[in-house]
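Please open the structure in the viewer and keep the selection tool at hand.

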Amino acid sequence: MVAFAGWEMPVMYSSIIDEHKAVREKVGVFDISHMGQVFVSGKKSGEWLNRILANDIAKLETREAHYTFLLNDQGGVIDDLIVYRLDETDFLLLINAAKISEDADWLAQHLEEGITMD
């Protein structure tokens, strides 16, 4: 266990090979309780997310998720995150704990008319 953004997080249980085999042969769980939650809504929220994330949001069905990247204005990676499509115009972004404020600020600075963020 190591300290991470105010949380105690496991780094490795035994070995990377053991963890890989456990996930492939049994089940794997990714703990997101430490991650920031940003809800994005609006008629054109999917189009907006397509401009700032690496994956094609249009491919997500309701209740599906992508592991993706938050991109800067030049297309470089700011951070990785998980985006969930909650319904046609509502999304949930799960942001790394250590970058919640930085990523949320960047998103807020790039909001477009008709898009809301909570």
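**Around helix α2**

The buried residues of α2 are covered by elements that include β3, β4, β5, β6 and α3. This is a predicted model.

Select α2, residues 45-52. Its buried residues are Ser45, Gly46, Trp48, Leu49 and Ile52. Because they span an arc of only 160° around the axis, these residues lie on the same side of α2.

Next, display the sheet. It is open and consists of five strands in the order β4-β5-β6-β3-β7, with antiparallel pairing. At the edges are β4 (65-71) and β7 (116-117), each of which pairs on one side only. Helix α2 packs on this sheet, where it touches β3, β4, β5 (77-85) and β6 (90-95). The direction of α2 makes about 30° with that of β6.

Now select β3, residues 36-41, together with β7: two bridges join these antiparallel strands. Within this pair, valine 40 stands opposite methionine 117 of β7.

Move on to α3, residues 100-109. This helix lies across β3, β4, β5, β6 and β7 and runs at about 145° to β6.

Finally, return to the whole chain. It contains three helices and seven strands, which follow one another from the N terminus as β-β-α-β-α-β-β-β-α-β. The C-alpha atoms fill a box of roughly 50 × 30 × 25 Å along the principal axes. Of the 118 residues, 31% are buried. The accessible surface comes to about 7,800 Å², and 52% of that surface belongs to carbon and sulfur atoms.

How values were computed: Residues are numbered from 1 along each chain as its sequence is written. This is a predicted model: local features need pLDDT of at least 70, side-chain atom pairs count only at pLDDT 80 or more; totals for chains, interfaces and linings use all residues. Side-chain values use heavy atoms; hydrogens and water are left out. Two strands pair if DSSP finds at least two bridges between them. Helices (H or I, at least four residues) and strands (E, at least two) are DSSP runs, numbered from the N terminus. Contact means heavy atoms within 4.5 Å. Axes are lines fitted to C-alpha atoms, for helices over the stretch in contact, and angles run from 0 to 180 degrees between N-to-C directions. Buried means under 20% relative accessible area, exposed over 50%, partly exposed in between (1.4 Å probe, protein chains only). The arc is that of the directions from the helix axis to the C-beta atoms. Accessible areas come from the Shrake-Rupley method with a 1.4 Å probe; for residues, only the protein chains shown count as cover.
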